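Reader: I am new to this structure. Please show me how to read it, one feature at a time.

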There are 2 protein chains.
Amino acid sequence: MTKPRVVIIGGGFAGLTAARGLRKADVEVTLIDRTNHHLFQPLLYQVATAVLAPSDITSPIRWLLRKNTNTTVLLAEVDAIDPEKQVVHADKGTLTLPYDYLVIASGARHAYFGHDEWEPMAPGLKSLEDALKVRHRFLIAFEEAEKAAPEERDSWLRFVIVGGGPTGVELAGILPDIAHHSMLDDFRNFDPRDTKILLLEGGPRLLTAFEPDLAARALKDLQGLGVDVHLNAIVTRVEKDAVYVGDQRIPTRTVLWAAGNQASPLARTLDAPLDRAGRVLVAPDLSVPGHPHIFVTGDLAAINQENGELVPGVAPAANQMGKLAAKNIKRMLAELPTLKFEYHDKGNLATIGRYRAIAEIGPLKLRGQIAWWFWLFIHLMYLATFRNRVSVLIEWAYSYLTYQRGSRLITEREGDGVSSAGENKMGSIG
Amino acid sequence: MTKPRVVIIGGGFAGLTAARGLRKADVEVTLIDRTNHHLFQPLLYQVATAVLAPSDITSPIRWLLRKNTNTTVLLAEVDAIDPEKQVVHADKGTLTLPYDYLVIASGARHAYFGHDEWEPMAPGLKSLEDALKVRHRFLIAFEEAEKAAPEERDSWLRFVIVGGGPTGVELAGILPDIAHHSMLDDFRNFDPRDTKILLLEGGPRLLTAFEPDLAARALKDLQGLGVDVHLNAIVTRVEKDAVYVGDQRIPTRTVLWAAGNQASPLARTLDAPLDRAGRVLVAPDLSVPGHPHIFVTGDLAAINQENGELVPGVAPAANQMGKLAAKNIKRMLAELPTLKFEYHDKGNLATIGRYRAIAEIGPLKLRGQIAWWFWLFIHLMYLATFRNRVSVLIEWAYSYLTYQRGSRLITEREGDGVSSAGENKMGSIG
């Protein structure tokens, strides 16, 4: 008798946790991902700003699951799901995987609110490739400023970040450090302290996931670092050398996108109910309504907390969902009823530059340096499951103590660093 | 009065040493490189095999020269040199740099002996981009083997290295480690120990720069590691899924090129005498005959040792040339006669896998484990000028102690990993 086949799509937090949850189950698991690595996404902005190297925050998925002897890891790109035939199609039809149970954990991409044509000019920050693109953009801007005619230099030295959520705030907070400290001795034709950082938020406040007073503190901290924060600033246009807020033209060669999420397009190949962001409106047990053998987890799942708010797209939520999906599959195999998902809020954390952060853990609110130490501790604990903890700590220590970036690496040049065609083909790397 | 302008092309060993030699000279130096980083090339094969991360063996050139207050570093691609007008053209004509003295240190690329069409199928190993391409190829092969039908699996698990010089030998020596140890638990559909490594050398022996008895030892060590070494094996054809030696077809999806050098094409834009490999036949003081203000250094320079043999293309030779070029410029400014180049041979070193090496230092010959420790010591000493020494040591220690690769990172997928068009566009990264 063949064992039940479980296919997991995605090797992020949700997919990895689901696979681990099935480690001792009497099933055959196949985990598919389009990359070979699991990514510690909460530190992605540090790779984007050349503080950490890519290998510091990634581990090969098959290495992380080497003890899961019932699990095969495949590097493949899923094309579509056929819930009727119970198969997953991948690699442009060359690979077909039948399943008895399916866990979809393919995550989200950034959204451009109907302006996908902005993407080449304003890269977002979801995958490692994204981070390397942002880093390339960021480092090239200083190189171009060194070569540019004086009248063009300003736009190379103006960095605009769109979106005042955690990613935007963390990016905006770390850039002044680099511009105002790390690169001080490196250029001859301009002073890196002339670098301007703008953060544009469409709504009336930053960090809506936090309490207003903590968000206000983050705003103050950012302003203290020299970041120019514009609230209620809706981007209407992105060009090669400018961004528009309403009718106002802001000359810049570097726009970084940290606004809005769009669920993985895979959800659309299911006949499942979706919300506006393309997430699957899952049943309380995380299954797809009408398809009890398909579970959706992580950023792709839309499910409410007890207080009526959506479960946020954060790593702890993804882990909890992955764990429950595995548990429910085991329960179904044992012919037990599935369990409902209950979100345990671990709190909210965001850093603002070096040594400052804000944190909400239940009733506890932290800010300033103590919140930063808490943030560091939490992230090192999480990274403990990786092999990278020691080297990450060394990189950080080095970076914070010396104000030097460890990974300021540009590879593969493209024409002027901004053409959209060039950007799409490029593999800016590190 | 304006200061004399020195332009240096290339930020490798020769160019960097030349810039450092001019640090206290009353000149204006501009160093141009097409990347932003100096590369510790002797360890490039370790990045290609995922032992080290790219940032372990690179440092930003402008950071290395931050104390050179007379030096401007530009990220730009040189198009041509105009020795009559004394200018360097760069970035497709958008940048023109006048010079009073010019140091050309743009290095060499690998050569395909008139078969440039082989390059997409058989990447070489000179730049960091090359190393990342090789690494991508190497890691993808195992991923494809996991997905492949059994009859196709063998060709994914056969790695062919062309060229039995130091690069080929070091690559061939490190691959069995990874295949036979690091990946043991990672795959479900094949045994990584079935990986075959072939080393093809066109001549009658390996490592012609070494004494025959040491080269014979290296051959024996490689065979002991399970590498299948073919001497007098001339490659006549490279295809997507095979390499030909004479008429014999060897099925393989991964060919790595470590045979032959071709000097940077920049030399051809000078009206200077070149040797067959495109190197400039420089005068004894490293200047270009007829152009006393232009010096050529590093792998691009062809100059004989006292024994009549060519100065080899190794890091110590490049450093010595860069130093003399700087010195000769300073002497010309002081209206003193230039000095002749004298090569001080520091010896030859090559590793064969883990814990084995061969070394020639003057009359001293080392082999086996003691040579490996010597190799490790020398390389750490060289890396001391970098910031990376500690982290490199940690990576190595980790890698050697656990048999685990630290940087097994694949980013950006391409269709099947072997199409030539895909390969050229790709930015396989890490």
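Author: Start with a pair of helices. This is a predicted model. In chain B, helix α1 (residues 13–21) packs against helix α8 (residues 315–333).

Reader: How is the packing of two helices described?

Author: Two numbers do it: the angle between the axes and the distance between them. Here the angle between α1(B) and α8(B) is about 35 degrees, and the axes are 7 Å apart. The crossing of α1(B) over α8(B) is right-handed.

Reader: Which residues of α1(B) and α8(B) meet?

Author: From α1(B) come F13(B), A14(B), G15(B), L16(B), T17(B), A18(B) and G21(B). Their counterparts in α8(B) include A315(B), A318(B), M321(B), G322(B) and K327(B). By type, the residues of this contact are nine nonpolar, five polar and two charged.

Reader: Turn to chain A. Is its helix α1 mostly covered or mostly open?

Author: Mostly covered. Nine of the nine residues of α1(A), residues 13–21, are buried. Among them are F13(A), L16(A) and R20(A).

Reader: What does chain A hold overall, in helices and strands?

Author: Chain A has 11 helices and 25 strands. Of its 430 residues, 52% count as buried. Now take the contacts in chain A with a separation of 6 or more: 62% of them join residues 24 or more positions apart.

Reader: What is A218(B) in contact with?

Author: Leave aside neighbours within four places in sequence. A218(B) then contacts V169(B), L206(B), L207(B), A350(B), I352(B) and I358(B).

Reader: Now strands. How should I picture the side chains of a regular strand?

Author: They alternate between the two faces of the sheet. For a case here, take β12 of chain B, residues 196–200. Four of its five residues are buried, so the strand is largely enclosed by the rest of the structure.

Reader: In which sense does β11(B) pair with β12(B)?

Author: Parallel. Strand β11 (residues 158–162) of chain B and β12(B) pair over five bridges. One bridge links F159(B) to I197(B) in β12(B).

Reader: What about loops? Is S127(B) buried or exposed?

Author: S127(B) sits in the loop between β10 (108–110) and α4 (128–147) of chain B. It counts as buried because it has 21 C-beta neighbours inside 10 Å, and the cut-off is 20 or more. The C-alpha atom of S127(B) is 9.6 Å from that of T35(B), 92 residues apart along the chain.

Reader: What is the phi of Y355(B)?

Author: Positive, about 75 degrees, and Y355(B) is not a glycine. Its place is the loop between β23 (348–351) and β24 (357–361) of chain B. Y355(B) is partly exposed, with 15 other C-beta atoms within 10 Å.

Note on methods. Residues are numbered from 1 along each chain as its sequence is written. Chains are lettered from A and ligands numbered from 1 in the order in which they are written. This is a predicted model: local features need pLDDT of at least 70, side-chain atom pairs count only at pLDDT 80 or more; totals for chains, interfaces and linings use all residues. Two residues are in contact if their C-beta atoms, placed from the backbone, lie within 7 Å. Axes are lines fitted to C-alpha atoms, for helices over the stretch in contact, and angles run from 0 to 180 degrees between N-to-C directions. Helices (H or I, at least four residues) and strands (E, at least two) are DSSP runs, numbered from the N terminus. A crossing is left-handed if the near helix is turned anticlockwise from the far one by less than a right angle, and right-handed if clockwise. Ala, Val, Leu, Ile, Met, Phe, Trp, Tyr, Cys and Pro count as nonpolar, Asp, Glu, Lys and Arg as charged, and the others, Gly among them, as polar. A residue is buried if 20 or more other C-beta atoms lie within 10 Å of its own, exposed if 12 or fewer, and partly exposed in between; C-beta atoms are placed from the backbone. Two strands pair if DSSP finds at least two bridges between them.
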